[in-house]
Amino acid sequence: MILSRKFLRRTFLNAVGPFKQISPSVHILNGHVIGMDPGHGKASFRRMLRTLSRSAKLVRIEDACDMVRNRKQVSEPMIAFTFDDGFIDCYADIAPVLEEFGTNALFFINPNFTNGDQAYVENFLKSNVPEIPGRPPMTAAMVRELAGRGFVIGAHTMDHMRLTSEDPAFLQHQVVDCKAAVEVISGMPCDHFAWTYGRFSDISDRAIQVAADHYQYVFSGDRYASYTSIDGKVLNRRHFECDWPASHVKYFLSVKRHH
């Protein structure tokens, strides 16, 4: 029998992860949903946070961004959270668990997904996130409520588009217009942008510059050993999901980050 790559990876992480220590760095995680099994997701996420909080400080995303931008040297592990796409899980499951632990998150939304009709939402799920079937977006009212509860709302393009184009009109709509659309939905200033898919191969140099010109903070999902990229214009995040074993997260956060 040929063992799958996924099985081998999980076996390795199960064996090595428990022996890893989270490095004394500011760690910014990015996920999407509460878990592939929504019925058990909150319990899994709660267990993860309980384990992580024994060896790391869970910090608010605003504080994490400020520490990274100001190149603050820390002597203990710190973890902050971001979530992409604006699925209903953020409102129903993720935010309540984070509040139990006294922290918040940054939720990046796609305004046209948030406000989309049934046909748009179905196409969005099929075309952009086929691995996360059947998850509706948060409503605009949910997003605004979370903003009022101290969560941060960021922009993730209007339509979850890959930003490899340098076309000015396309970037104006997907990056710049997105900022105003998020502000209308959340009722708060929008200072944070994360491009979709997260790799530097998924965005053009021009798109990075447009984002940096209009947002205080721009986020990737790449090059995690480095706090920032592109002369400090981009903050790098590490992918995780809420239902991962805490030992897997500890393994990935054992890397010592550097400026």
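**From the pocket to the core**

Helix α1 supplies the largest share of the lining of the largest pocket, namely four residues. This is a predicted model, in which local features need pLDDT of at least 70 and side-chain atom pairs count only at pLDDT 80 or more, whereas totals for chains, interfaces and linings use all residues. Residues are numbered from 1 along each chain as its sequence is written, and side-chain values use heavy atoms, with hydrogens and water left out.

A pocket, found on a 1 Å grid over the protein atoms alone, is an open set of points where a 1.4 Å probe fits, with protein on both sides within 12 Å along at least five of seven lines, and its lining residues have an atom within 4 Å of a point. The largest pocket has a volume of about 1,000 Å³, a volume being the space filled by probe spheres set on the points, which are joined across faces, edges and corners. Of its 34 lining residues, His32, Glu131, His239, Glu241 and Trp244 are the closest to the centre. At least two lining residues come from each of α1 (5–16), β3 (78–85) and β10 (238–239); helices (H or I, at least four residues) and strands (E, at least two) are DSSP runs, numbered from the N terminus.

We now turn to the interior. Of the 259 residues of the protein chain, 52% count as buried, which means under 20% relative accessible area with a 1.4 Å probe, protein chains only. A nonpolar core is a set of buried Ala, Val, Leu, Ile, Met, Phe, Trp, Tyr and Cys residues joined through side-chain atoms within 4.5 Å. In the largest such core, which has 58 residues, Phe45, Phe81, Phe83, Phe107 and Phe240 touch the most other members, and helix α8 (residues 168–186) gives the largest share, seven residues. Apart from this core lies another, of 19 residues, including Val59, Leu106, Val152 and Phe219.

Which residues are in contact with Phe45, leaving aside its neighbours within four places in sequence? Counting contact as heavy atoms within 4.5 Å, they are Ile34, Phe81, Phe83, Ile94, Val97, Leu98, Phe240 and Cys242.

Asn128 lies in helix α6 (residues 118–128), and Asn128 counts as buried because its relative accessibility is 16%. Leaving aside neighbours within four places in sequence, Asn128 is in contact with Asn123, Asp159, His160 and Tyr197.

Definitions and conventions:
Buried means under 20% relative accessible area, exposed over 50%, partly exposed in between (1.4 Å probe, protein chains only).
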